[in-house]
Amino acid sequence: VYNFDFLGKQVSLHMSAALGIELSILSNYVLNNWITFSDQRHRGRQALRGLAVFQLISMIGLIVQLSVFEFLYNSAPLPDFVAPNIGKYVYYGAAILIAMITNYSLNLNFTWPKKT
């Protein structure tokens, strides 16, 4: 098992991956709240509720991404005659794109819904 240094502490590979994912979720929420959805910005207690919804949607996106990749990789293998492991990269790209669309749509409707 690989260990990494995080704030002076040795952290396992899995823990460092989890920390990286969580930090990316937090930074994405802050950036989306201040830039992408600035007209519907969450403030105060609503910011905590918005973060909780964003966190849940991000976990759904992670599950979608992993599921799409596994499905494509296991059910429709691409030949490697063009480049080694090309199928893997095509499937990663498709899975990321589908998860990105899913995340954006869910966040648009649940985290930052249009106020009427």
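Leaving aside its neighbours within four places in sequence, which residues is Q40 in contact with? They are W112, P113, K114 and K115, where contact means heavy atoms within 4.5 Å.

Some background. This is a predicted model, in which local features need pLDDT of at least 70 and side-chain atom pairs count only at pLDDT 80 or more, while totals for chains, interfaces and linings use all residues. Residues are numbered from 1 along each chain as its sequence is written, and side-chain values use heavy atoms, with hydrogens and water left out.

Back to Q40. This residue lies in the loop between α1 and α2; helices here are DSSP runs (H or I, at least four residues), numbered from the N terminus. Q40 has a relative accessible area of 6% and is therefore buried, a word used for anything under 20% with a 1.4 Å probe, protein chains only.

Next, the two helices. The axes of α1 and α2 are 10 Å apart, and the angle between them is about 130 degrees. Axes are lines fitted to C-alpha atoms over the stretch in contact, and angles run from 0 to 180 degrees between N-to-C directions.

Last, the largest nonpolar core. It has 6 residues: I25, Y29, F37, A47, F54 and W112. Such a core is a set of buried Ala, Val, Leu, Ile, Met, Phe, Trp, Tyr and Cys residues joined through side-chain atoms within 4.5 Å. Two or more residues come from each of α1 (13-36) and α2 (45-75).

Methods:
Buried means under 20% relative accessible area, exposed over 50%, partly exposed in between (1.4 Å probe, protein chains only).
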